[in-house]
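Biologist: I would like to go through the contacts in this model, one part at a time. Please give the cut-offs as you go.

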Amino acid sequence: MESKNKNNHSILRIEGLKKYFPIRRGFLQKIHGWVKAVDGVSFEIEQGKTMGLVGESGCGKTTVARLILKLLESDAGKIIFQGHDIRRFSEKEMKPYRKEIQIIFQDPFGSLNPRMTIGQSIEEGIRILGNKHATNRKERLETLLSMVGMSSDSSDRYPHEFSGGQRQRIGIARALSVEPSLIVCDEPVSALDVSIQAQIINLLKDLQDQLGLSYLFISHDLNVVGYLCNTISVMYKGHIMEFASSEDIFNHPHHPYTISLLSAIPDPDPDIKWHVKPSNGHIGDSDVVPEGCKYQDRCTIAETACLKDKMVFEKVRENHFVRCWKAAKNHGSSPD
Amino acid sequence: MTHDRPLLCVENLKVYFQSNGARAHAVDGISFEVREKETVCIVGESGCGKTVSALSILGLIPTPPGEIVDGQIIFSGQNLINLDEKAMQKIRGNHISMVFQEPLTSLNPVFTIGDQIGEAVRTHQQIDTEALFQYCVQLLNDVGIPSPKQRINDYPHQLSGGQRQRVMIAMALACDPDLIIADEPTTALDVTVQAQILALLRSIQKKRSMSVLYISHDLGVVSAIADRIYVMYAGIMVEQGNTDQIFRSARHPYTQGLLASLPSPSKRGKRLHSIPGTVPNPAYKPKGCPFHPRCRQKILSCQQEYPGMCDYGEGHLARCPVLFKPKGYPG
Ligand SMILES: Nc1ncnc2c1ncn2[C@@H]1O[C@H](COP(=O)(O)OP(=O)(O)OP(=O)(O)O)[C@@H](O)[C@H]1O
Ligand SMILES: Nc1ncnc2c1ncn2[C@@H]1O[C@H](COP(=O)(O)OP(=O)(O)O)[C@@H](O)[C@H]1O
Ligand code: SF4
Ligand code: SF4
Ligand SMILES: [Mg+2]
Ligand SMILES: [Mg+2]
């Protein structure tokens, strides 16, 4: 976004990040077009804070995560981590940063080696840190396990012996083992039951308070994001449509897409009436991306101008940005 | 709103599964009813027995390993337990339909959606090809599929997740049922699509005056659509009541705990309440109140005595005698 040099405190700043996947067809696998999975994404995460990234399935959230971790090579943009643009860093240049950014997934089972005990999986990370903990590796392992609320006797057991919530704790312990400063959490509580979800959310919060961690928290659950995150980026078809503090997103949403997302949350508070009109607008998940605003085919207030012009990410208030000319026009003129 | 006559009445249903040695008490003596034109929700965490309860009603429990060991399922005055397969098929084709969680796995990938809806229609009525086509188009239109005349020739993979779920609902409607059982029909969908499907179910139910048994783990969804709610835990019903009773004055520690665990923007900065521990394995359920290992209000007797239902009046019941008789219990 256009916010300048107030980044002393930002741990990660993404600018104009892009990733297009080729669509191949036919016998020769000729390239027919591109899935613009991430199409110029910008945001910033402050040191010790949590930014939520929300949006519907397929909008590009996980791709953003993989680009930041450099599990996937990006096509354009900047990934400024602790002041350095790491986007084009070589494997060797990346070395000191690799351990700084860790990820936890929706299903930690997939990321744990089924043939390794929990202790072995976590110790791998401790070893990467080199001699720092070499003498008291066992002790460090116990500390890590207790930090995530597991007893030390679990270290000799295998992943399949644990429940979903426990496996998520183990995934967190493993991420922590290399002492990262930023953890990307990709839907970490989506597969968990409500009562377990609350345990993990509390754990993430405690660890942040203790260790000063920063989180990029990816989720499609706005209630979770609104509870946990300081700021929120709302993503749609590869674009960030709105960025603001959690309070502003919930209390003063500007973008029509954000507004429709918020109105779709069924709220368990019986005092809040939940009305959703059965819109006959097709919620298509076609990969064909229109010219102009990517939200135009679902937007109820679209005009001709929306069909052509490229939308820019405009500031509407302090620390509040919107990619919609109408929303920006209605609110942007006022000085903050 | 009055929904007086019971359409479905399940009493003391027990469904057990035999799996390598241990016997899993998946559903362990539940009772509930669905009245005419009513939306009833069963809410509970994964593994508590929701799907097994639903499958029992339709006679779809795999036997072995499963077995209905006790109870009654009375539908329109007829006991569905021990009904032969032919009679059961008639119930499924004409009176009760089910919508499952994953529409991609319950639709057949090699047939068009028109073929599949047509098949569902033909199992319950004789109809010529032209009329069948018109009826299928009508059904697709009712569930909000755009340009149904063209879409009827699509294969499941050509539709989005939300559209596939709409097709499943169209199929469920094909036989003009008295009762639709929907087992987590929106869990795999985005919130915006979920909102549309819920609104769709609601409007169809009004139009056709059907009853809906809606199964979910999502309290938000449940509060949005339920007339009455049953809260299930470890194979038993722990609380029941209307939406207000459950969401405003829950009486069971588990229900209270679930509600307090829900994150929301309004709880920012406050620590989330969490229920300690995990759901018990149904093969090794604790004695007494199955919630006692996780309950902060338990007393000694909770580990021994199976708790009875306590009546708070006006249909609000909770299975926790400890909170019901604060003084002197258990004497
Ligand atoms: N390796 C790949 N090759 C081709 N297309 C891809 C690849 N990875 C992702 N995509 C496409 O990029 C888009 C974004 O995918 P992504 O996994 O980032 O979505 P997401 O927001 O994480 O969704 P979900 O909420 O379902 O996890 C989708 O259209 C997806 O099909
Ligand atoms: N076919 C089966 N064989 C063995 N156990 C089963 C079978 N189906 C369900 N169960 C067990 O019954 C319990 C309840 O399952 P289910 O009704 O599917 O829960 P949910 O509430 O998540 O729908 C679970 O412990 C499950 O493992
Ligand atoms: S730019 Fe136009 S189409 Fe896009 S969100 Fe704004 S009003 Fe709607
Ligand atoms: S009966 Fe006892 S253990 Fe069960 S919910 Fe009530 S207080 Fe808790
Ligand atoms: Mg993803
Ligand atoms: Mg289920």
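Biologist: How many salt bridges are there between domain 1 of chain A and domain 2 of chain A?

Modeller: This is a predicted model, in which local features need pLDDT of at least 70, side-chain atom pairs count only at pLDDT 80 or more, and totals for chains, interfaces and linings use all residues. Residues are numbered from 1 along each chain as its sequence is written, chains are lettered from A and ligands numbered from 1 in the order in which they are written, and side-chain values use heavy atoms, with hydrogens and water left out. A salt bridge needs a side-chain nitrogen of Lys or Arg within 4 Å of a carboxyl oxygen of Asp or Glu. Between domain 1 of chain A and domain 2 of chain A the count is zero.

Biologist: Which residues does each domain of chain A cover?

Modeller: The bounds come from an automatic or database domain assignment. In chain A, domain 2 is 113-179 and domain 1 is 2-100 + 180-330.

Biologist: Which residues of domain 1 of chain A lose the most area to domain 2 of chain A?

Modeller: Buried area is the accessible area (1.4 Å probe) that two parts lose on being put together, summed over both. For the two domains of chain A it is about 1,100 Å², with 75% from carbon and sulfur atoms. On the side of domain 1, three residues together account for 41% of what is buried there: Lys99(A), Pro180(A) and Leu203(A).

Biologist: How many residue pairs are in polar contact across the interface of domain 1 and domain 2 of chain A?

Modeller: A polar contact is a pair of N or O atoms within 3.5 Å; within protein, one must be able to donate a hydrogen and the other to accept it, and residues adjacent in sequence count only if both atoms are side-chain atoms. With both residues at pLDDT 80 or more, the number of pairs across this interface is four.

Biologist: What area do chain B and chain A bury between them?

Modeller: Contact here means heavy atoms within 4.5 Å, and it takes 40 residues from chain A and 42 residues from chain B. Carbon and sulfur atoms carry 58% of the buried area, and the total is about 3,500 Å².

Biologist: Which side chain of chain B meets Asp206(A) in a salt bridge?

Modeller: The interface of chain B and chain A has two salt bridges. In one of them the N to O distance is 2.8 Å, and the partner of Asp206(A) is Arg271(B).
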